[in-house]
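Open the model in your viewer and keep the selection tool at hand. The tour goes stop by stop.

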Amino acid sequence: RVMKEDVGDRDPVRGVLNFLNKHPCDLLVLATHAREGVPRWLHGSVGEPLSRKARLPVLFLPHASRGFVSTDSGEVLLRSVLIPIDHSPSPSQAVSLAIDLADGLQARETVFHLLHVGADGPRMHVDDRHEPRLRRLQRECPIVDTIVQAAGELDADLIVMATQGHDGFLDAFRGSTTEQVLRRAARAVLAV
C-alpha cells in the first residue's frame, strides 16, 4: 500500500527522522542527485546525512542511474550485484540483505560479486544453497576507484555496501567510502 505523507518541517532531515520515529520501517528508499565536487558543496545533501542518522538500510537511487526495475514493464532487472567486503564493518548483514532482496523480488538468477580490495579478505560463510550464485573477486587499491571500476566492468545493477558512517576528519570532509561510491558510480546503492 502506498501513502503520501507531508512532513511539515523546514529541515527535511529532521522531518523525515521524526516521521521514522513515529512510523518505523525496515528500508528507506531515497532518490538522490549524488552530487560531487562544487555542486555538492553549493547544494548540500539531504540523503547522505539522513542515511547516517536513520540507522537503517537505505537504498539510494541516483537520478543518473537506470535502477533495477524497468519503468516500461515493471520487470525486475537485478542480474548483477556488487558487494564490496572487508573485515570491518562486517559484510554479513549486507550480503544477507542483498540475497534476501533478490529472492524477495524473485530475481533467482542474480549473481552476487563479493569484492575485496586489498590482501587477505574476510572469510564469508553463506548458506550452501546460495554459493553457486556467488563470485569472489580480489583487487588492489585505491578502494573507491576500484569499486566504481568493478561496478562498470560487471555492469552491476546494484551495489550493496556495509557502512559505518564517517570515520574521522577525512570522511567528514569527502564522505564515507559508501558516499563516495554513490556519487561516482551512477548506480543504485544499498547502504547497510
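## Stop 1: the sheet

Select L82 and look across to strand 6, where its bridge partner is I159. Strands here are DSSP runs (E, at least two residues), and helices are DSSP runs too (H or I, at least four residues), both numbered from the N terminus. This is a predicted model, in which local features need pLDDT of at least 70 and side-chain atom pairs count only at pLDDT 80 or more, while totals for chains, interfaces and linings use all residues. Residues are numbered from 1 along each chain as its sequence is written, and side-chain values use heavy atoms, with hydrogens and water left out.

Now show strand 3 and strand 6 together. They pair in the parallel sense over 2 bridges; pairing requires that DSSP finds at least two bridges between the strands.

Strands of a sheet pair through backbone hydrogen bonds, either parallel or antiparallel.

## Stop 2: strand 7

Select strand 7 (188-191). Strand 6 pairs with strand 7 in the parallel sense, over 4 bridges. Pick L158: its bridge partner in strand 7 is A188. Strand 2 and strand 7 run antiparallel and are joined by 3 bridges. Pick V58, which stands opposite A191 in strand 7.

Are the faces of strand 7 covered or open? Both are covered: A188 and L190 on one side, V189 and A191 on the other, are all buried. Buried means under 20% relative accessible area, exposed over 50%, and partly exposed in between (1.4 Å probe, protein chains only).

## Stop 3: R187

R187 is buried, at 14% relative accessible area. Which residues does R187 touch, not counting those up to four places away in sequence? They are F60, P62, S65, R66, A151, G152, D155, A156 and I159. Contact means heavy atoms within 4.5 Å.

Move on to D155, one of those contacts. D155 lies in the loop between helix 5 and strand 6 (158-161). Its phi is near 50°, a positive value in a residue other than glycine. D155 counts as partly exposed, at 36% relative accessibility.

## Stop 4: the cores

Select L28, L82, I147, I159 and V181. Of the 26 residues in the largest nonpolar core, these touch the most other members. Helix 5 (residues 143-154) gives the largest share of this core, 5 residues. A nonpolar core is a set of buried Ala, Val, Leu, Ile, Met, Phe, Trp, Tyr and Cys residues joined through side-chain atoms within 4.5 Å. Apart from this core lies another, of 23 residues, including A98, L158, A188 and L190.

Center on I147. Leaving aside neighbours within four places in sequence, I147 is in contact with L82, P84, L115, V117, M161, T177 and V181.

## Stop 5

Show helix 3 (residues 47-54), where 6 of the 8 residues are buried. They are G47, E48, P49, L50, S51 and A54. V13, V16, L17 and L20 of helix 1 meet P49, L50, K53 and A54 of helix 3.

Next comes R55, in the loop between helix 3 and strand 2 (58-62). R55 has a positive phi of about 55° although it is not a glycine. R55 is exposed, at 74% relative accessible area.

## Stop 5: two cis peptide bonds

Select S88 and P89. A cis peptide bond joins them, with omega about -5°. P89 lies in the loop between strand 3 (80-85) and helix 4 (92-104).

Finish at C141 and P142. The peptide bond between them is cis, with omega near 5°. P142 sits in the loop between strand 5 (134-139) and helix 5.
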